[in-house]
Amino acid sequence: VIGIVDSGSDLAHPDLIPNFKHNYADPINGLDDDHDGYVDNFTGWDCAGNDYNTIVGDNNPQIMGTNNEHGSHVSGDASAATNNGIGVAGVGFNCKLLPVKCAADNDTRSSGEGYIITGDQGIQYAADHGAKVINCSWGGAGYSSYEQSIITYACINKNAIVVAAAGNNAADQISYPAGYNYVLSIAATNANNDQIASFSNWNYTVDLCAPGNGIYNTVYSQSYTSMSGT
């Protein structure tokens, strides 16, 4: 199970539907049947909710517009369905996706896109709900001992691996959560000669490099587009 801790996902995308992880112990009936503190978390969870001014989580990690389609693209990168005659194939196509939405529906503050505002909560949720890989294709400057404690909990207590973006600032720079202990930090290579991509950060904390230039995958409204990033 890959926890996609991001801006949400397109739960209606035909290239993603077969690979979403469902919590059959908590069907959608208005009750917390599995007593985990989340009502009707049948397909992941929305930690950020509808409004970034008043953060209230809900059971719908579905993206509501192009402002949050980043997480849908990441979902497809990880595990878009194969052999279905449409679209693309994810690298981990035999894995299940656990969507954990950490951007609010109405947020367009980051150049028209939503900020990841509940990433720590999202990482903990993914770790507590069976994700063995927790993907965080986001980050920024600034170390936090609290965030490190969340990472340590996920990796040491729950035996998950957290994978994070090294950053897209084209600099020798540490981005967090990629720079924390136990996190696998990923930089990007270009599409031509397997060298570092022009936008990618580099740093002694980077562990691996992977193709990140012009990746074509699933986005909002059951569509596809190319994105670049670490």
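Modeller: Helices (H or I, at least four residues) and strands (E, at least two) are DSSP runs, numbered from the N terminus. By that rule, Ser221 is placed in the loop between strand E8 (215-219) and strand E9 (223-227). The model is predicted, and local features therefore need pLDDT of at least 70 and side-chain atom pairs count only at pLDDT 80 or more, whereas totals for chains, interfaces and linings use all residues. Residues are numbered from 1 along each chain as its sequence is written, and side-chain values use heavy atoms, with hydrogens and water left out.

Biologist: What is the mean pLDDT of the protein chain?

Modeller: With pLDDT defined as the predictor's confidence in each residue, from 0 to 100, the protein chain has a mean of 98, and 100% of its residues reach 70 or more. Confidence in the chain is lowest in E7, at a mean of 96, and highest in E3, at 99.

Biologist: Why is strand E2 said to stand at the edge of the sheet?

Modeller: Two strands pair if DSSP finds at least two bridges between them, and on that basis there is an open sheet of 7 strands in the order E2-E3-E1-E4-E5-E6-E7, with parallel pairing. Strand E2 (45-46) and strand E7 (208-211) each have a single partner strand, so one side of each is left without a neighbour in the sheet, and both stand at the edges.

Biologist: What makes E4 and E5 a pair?

Modeller: Strand E4 (residues 133-136) and strand E5 (residues 161-165) are joined in the parallel sense over 4 bridges, which meets the requirement of at least two. Across that pairing, Cys136 stands opposite Ala164 in E5, and Ile134 stands opposite Val162. The path of the chain from E4 to E5 passes through helix H3 (residues 145-157), and this β-α-β crossover is right-handed, a term used if, with the strands pointing away from the viewer, the path from the first strand over the helix to the second runs clockwise. E4 also runs parallel to E1, to which 3 bridges join it, and there Asn135 is the bridge partner of Ile4.

Biologist: How is helix H1 oriented to E1?

Modeller: Axes are lines fitted to C-alpha atoms, for helices over the stretch in contact, and angles run from 0 to 180 degrees between N-to-C directions. On that scale helix H1 (residues 70-79) runs at about 160 degrees to E1 (2-6), and H1 lies across E1, strand E3 (97-101) and E4.

Biologist: Why is H2 called largely enclosed?

Modeller: Buried means under 20% relative accessible area, exposed over 50%, and partly exposed in between (1.4 Å probe, protein chains only). Because 7 of the 10 residues of H2 are buried, the helix is largely enclosed by the rest of the structure. The buried residues include Ile123, Tyr125 and Ala126, and the buried part of H2 packs against E1, E2, E3, E4 and H3. H2 is followed by Gly130, whose phi is positive, near 95 degrees.

Biologist: Which residues have the most contacts inside the largest nonpolar core?

Modeller: A nonpolar core is a set of buried Ala, Val, Leu, Ile, Met, Phe, Trp, Tyr and Cys residues joined through side-chain atoms within 4.5 Å. The largest such core has 26 residues, and those with the most contacts inside it are Val5, Val100, Ile123, Ile134, Cys136 and Val162. Two or more residues come to this core from each of E3, H2, E4, H3 and E5. A second, separate core of 9 residues includes Ile2, Phe20, Ala80 and Leu97. In soluble globular proteins, nonpolar side chains tend to be buried together.

Biologist: Why does His13 count as buried?

Modeller: His13 has a relative accessible area of 0%, and is therefore buried, although its place is in the loop between E1 and E2. Contact means heavy atoms within 4.5 Å, and, leaving aside neighbours within four places in sequence, His13 is in contact with Thr218, Val219, Gln222, Ser223 and Tyr224.

Biologist: Is Ser111 buried or exposed?

Modeller: Ser111 is exposed, because its relative accessible area is 79%. Ser111 lies in the loop between E3 and helix H2 (119-128), and its phi is near 55 degrees, a positive value in a residue other than glycine. Ser221 likewise has a positive phi, of about 65 degrees, although it is not a glycine, but Ser221 is partly exposed, at a relative accessible area of 48%.
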